[in-house]
Structures are given as C-alpha cells and as structure tokens.
Amino acid sequence: MTARVRIAPSPTGPLHIGTARTALYNYLHARHVGGTFILRLEDTDRARSTTEFEKDILDGLHWLGLDWDEGPEVAGEPARGPHAPYRQMERLPSYEAAAQRLLGLDLAYPCYCTAEELEADRRAQEAARQPPRYVGRCAHLTVEERRAREADGRRGAIRFRVGEGTVAFDDLIRGRVEIDVANLGGDFVIVRADGTPLYHFTVVVDDAAMEVTDVIRGEDHLSNTPKHILLFRALGHEVPRFAHLPLILNADRTKMSKRKSQTAIDDYIAQGFVREALVNYLALLGWSTGTEEEILSLDELVERFDLGEVHKGGAVFDRERLEWMNGQWIRRLEPEDLIDRLRPFVEAEMVAGRIERMPTDEELRTLLPVIQERLPTLGAIGDLVGFLWVADVEVDPGTLVPKRWDPATTRDGLAAARQTIEAVGDVSFEADELEPPLRALAESRGWKAGDLFMAIRVAVTGRTATPPLFDTLVALGRDRVLSRLDRAIETLAA
RNA sequence: GCCCCCAUCGUCUAGAGGCCUAGGACGCCACCCUUUCAAGGUGGAGAUCAGGGGUUCGAAUCCCCUUGGGGGCACCA
C-alpha cells in the first residue's frame, strides 16, 4: 500500500515553527516514497479556533512550498480528496457514529461527573502524591442510575474504557515502546458533555477514515500514542505506523515556546527570511543526510530524506545558524527573483517612514551586485542602503572625523574631495571615474586613502559601514553627493 | 508524584566495535583579501564522546546502573 501521511494543525494560533517542521518532515517523507500528503484542520476547540488562524496556517505552508495532495483547499482550489471534508468541525457526524458504536459495544460509557468532582479527585490525588487519574465513578452505573442523572438535566460526557494490559508499538524513529495502560490516567473523555469530540478521539477516527499509514508527529504525543492505539483497535481499524519527531527546543532546552523564542513563521517571513533557508534549516534540525552537504533545496532534501535517520534527541533552535543559512540562500537567488522578494521590504521601509521614496527596479538591479552578499535577511535592506532613498541624512560630527584625523583635516579633506568629485562631471559619474582622482588627491596631500574615503562615506551616508564607496556615490548621484558633502563641511565649520 | 523518551565541542551534527590522538557547520578568535562593512580564503581555540560498571584483544559505538535533561499524565491540541 502506498504511504499516506498527514499534517493536522489546530487553527488556534499562527503557524508555529514546530508545526512547520512536522509538516516538512511529513512532506519530505511523502514525496520521497511517492506517497500522499494530506492536510487536515483540527478545529474542535471552538473556543480557540478561528478562521484567521486557519488562513494563516494554510498561507504559511503554501509559502514554504509544502503543497499537499488532499485537504480543505488544494493549490487554492476548494476541498479535494476522496475523504473530504478535511476540517473536523465538518466531520462531526462521523465522530458521533463512532462514539455510538463504542457506546453500543460498552467500550465507552457516559460520565456525569461534574467539573467540581473531578477537581476534588485531582486535589486528593495530588495530596496523596498519586498521579492524576479518573477514578471511575461513572464506569459502572446501572441503566437506572444513568436515567436518573439524565432526568436531573445532566448531560454526560463520553469516556473510553482503557482496560488493562500493556500496549506496545514499534516507533519508526525510537524503536519499540511499551506502556502499561494503567499509566494512562484512567478512562479518558472522548466526547464532551456538549457533544463535541476531543482530540484523542477525532485524530483516530480521521486517521482511520483517511487511511493514514504513517503518523509522523512531535514527541510530545509519544505518551498519548497508546490511547490512540486502543481506540484504533476498539474501532476495528488497522493501527498505522508511528514516527515521533524530536522536539525543537528553546535555548534552555525546554520545548520551544512563544515566551522564550520567536515561534511564528510569520515573524520570520516579516524579517526577511527566505523560504529556502527556513526549509533547509528546519529539515536539518533533527535530521542530517549523513554527509557534509548542508545547503540543500527542497527537492534535494526530498531526494535524500530518510525517516529512519531522524534523531531521537531534541534540538535547540539556533537563530544565528538560520541567519547564516539565509545569507547563503539570498546569495544564490537569481537577480530578478531577489528584486521581487526585496520589493515588499522596501515598501515596508516606506510605510514605516524610514525612507522617503521608492527606488525603481532598475535602481535595485544596479545595486544588486554590491548588496546581495551583504544582506543577512531581506529585511536588512533599509539598514544597508536606506540612506539612498531619503532627502538628507543625519551626520554625527563625532563619527564624521576619522580616527587618525582631526576636525580641521576632515574639513579640508571633504572640501578637496568635493572639488575633485565636482570636477569629474556628471557625464561620466562612474565608479571607475571617481576612484583614481580621489586616490590621487589623498596621495598628493599625504593622507591615507582609507581615511579620506571614510570621511566621505560618513558625510554622504551618515554611517561607517556601507557598500563599497564608489558604487555608493554613483547610486547617490552627483548632485546629492555634492550637497551632502556641503552639509557635512558646514557641520565641521560650526 | 507516576509513566515514557533522550544524552558527541556553547549550538546543529558526522560517527552504526578497530579508519577517532573524534570529522564538518554555525558562532568566537587570528591572519589573508580590502576604502568601511560584508562575502570569500587560510588557520586556531573549543567535546577526557554525562559519570560508573561490565562485554570484547579492542567501545563514542553493545549491555546494566547512576546522574542529568525533556515530554506526557485536561470535558486543550
């Protein structure tokens, strides 16, 4: 049978790094073995699920390039796949039917315990230093007792009978795992009193209905797997294979969380990380090819991926390494592609009021050779060359004076440079035309070229770190270079 | 508290009994290139393979224990 895998996010928050990585591994496995990749939305937590988050998650996964074969929408088109719908709130009847089946078999039963009773049990267990578990108060009610409670207006939740014995499975990543059902916390609720089904139940009903063969998910579900296996069996379905992925960790090695790390994919996108880098980085967080290759495209990853080689231990998320990888990918982008990707970030600078005009594509294209290798992220564009797109720059007199120079020398230097640059004329205002005369100027006055260049750099850009000076002067244009030099000279005269 | 999982440089990792005086990458430090910043190149510091017992002629690699870390134990997912 051909492999069927799925990613089943809950639309209760924006697309999380961990969800993206789980989706990626499912995708890589499906594509590697020629299987089917399914997307299913687990939206049974009505209180927290929203359509905004749903859209955010779908958009994020599309952005990463992790296209699915079956799901609530596929490639922008409406629900496709033999097992639609792919949104759990639209599959309620199937859970209802499954619950009735379990009830009929007495594999599940209605439970009328109140939140207060359960809370009291929990406190008592805690006081006795016992693990929390359902005490089974409603496990063996007679028909009359149930009827009496229903008559009281109490609506029962449905609990699944856990029974006795041990459940074992062969995890594709961890090997054999055995758990005594006595440690499962007692009979667990599969349907709330309000009739809505719970995660442990829906996940099994759906994985069975959608004929999922390999459940690839985070390690945080490992301890819950026996519950799922018990449900698969009770429902009379074949149990799928499981693969539990190592967790992505905060710097302190706890499960990655919003509090301690940046977890929303959106934020990475907004900062200018490119999909290739995110995919590449995430793929190698918990898995490696076994070779020393590390810059790999999605297709190359698919080709090399092997679930069995995935690590068992958690991996700390290292943003520095991601940034390095992002730089690697930015440098590999085709010029036109890079310009397309840069445009929204330049617009964002505009919106934020950090620049005063939009550069043309032609300007960006000209700039590319000197900025492509200087961008750690697309979002760094403003920092790098924003001074080109504002009317005037703030120049701090302190930084204007090179370390080995004094204010008077700086003023002389800038004045002389101004003359030299003006003499170049505007017909041939090119880097090749500017450099020789300015070097000659420095030499004739006994200045180190670097000092002169630094003074000019700060005068026209307001900063000490910029792309190469002559390219920068050309990008700025003769008029602005001259007027900024004038302003800087004034600053020193005062 | 109970159950489960995990354990190689600060971080991501290679390593599946001898090739390991443990390799690569990020980060860090030098140097080279160089008008600054990057990028690139070269080199360096950095892991007694968590600790202790075994097994073996031989262990980072296999077994056991200890320690440490993490995850799970909801009418959340």
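Modeller: Helix H1 gives the most to the lining of the largest pocket, with four residues. The model is a predicted one, and the values that follow are computed from it. The largest pocket holds about 1300 Å³ of space. Its lining consists of 40 residues, of which Ser-10, His-16, Thr-19, Asp-220 and His-221 are the closest to the centre. Sorted by class, the lining of the pocket has 16 nonpolar, 13 polar and eleven charged residues.

Space of another kind is found elsewhere in the model. Rolling a probe the size of a water molecule over the atoms shows where empty space is left. When the whole structure is searched, one cavity of 30 Å³ or more is found. About 40 Å³ of space lies in the largest cavity. The residues that line this cavity are Leu-367, Val-370, Val-385, Phe-387, Leu-388, Pro-467, Asp-471, Thr-472 and Ala-475. Helix H13 (361–371) and helix H19 (469–476) are the elements that give two or more residues to the lining of the largest cavity. H19 gives the most, namely three residues. By class, the lining of the cavity has seven nonpolar residues, one polar residue and one charged residue. Because Asp counts as charged, Asp-471 is the charged residue of this lining.

Helix H19 also has a helix packed against it. Helix H17 (residues 431–445) and H19 pack with their axes 9 Å apart, at an angle of about 125°. Angles of 65 to 115 degrees count as roughly perpendicular and those over 145 as roughly antiparallel; H17 and H19 are therefore oblique to each other. Their crossing is right-handed.

Strand E3 (residues 71–74) and strand E4 (residues 77–80) run antiparallel and are joined by three bridges. Within this pairing, Glu-73 stands opposite Pro-78 in E4, and Val-74 has Glu-77 in E4 as its bridge partner. The hairpin has two residues between the strands, and Ala-75 takes a positive phi near 50° there.

Strand E6 (residues 157–160) runs antiparallel to E9 and is joined to E9 by three bridges. In this pairing, Arg-159 stands opposite Val-189 in E9.

Note on methods
Residues numbered from 1 in each chain as written. Chains lettered and ligands numbered in written order. Predicted model: local features only at pLDDT ≥ 70, side-chain atom pairs only at ≥ 80, totals over all residues. Heavy atoms only, no water. Pairing = 2+ DSSP bridges. 1 Å grid on protein atoms, 1.4 Å probe; cavity = no way out; pocket = protein on both sides within 12 Å on 5 of 7 lines; lining within 4 Å. Points joined across faces, edges and corners; volume = space filled by probe spheres on them. Axes fitted to C-alpha atoms, helices over the stretch in contact; angles between N-to-C directions. Parallel < 35°, antiparallel > 145°, perpendicular 65-115°, else oblique. Left-handed = near helix turned anticlockwise from the far one by under 90°.
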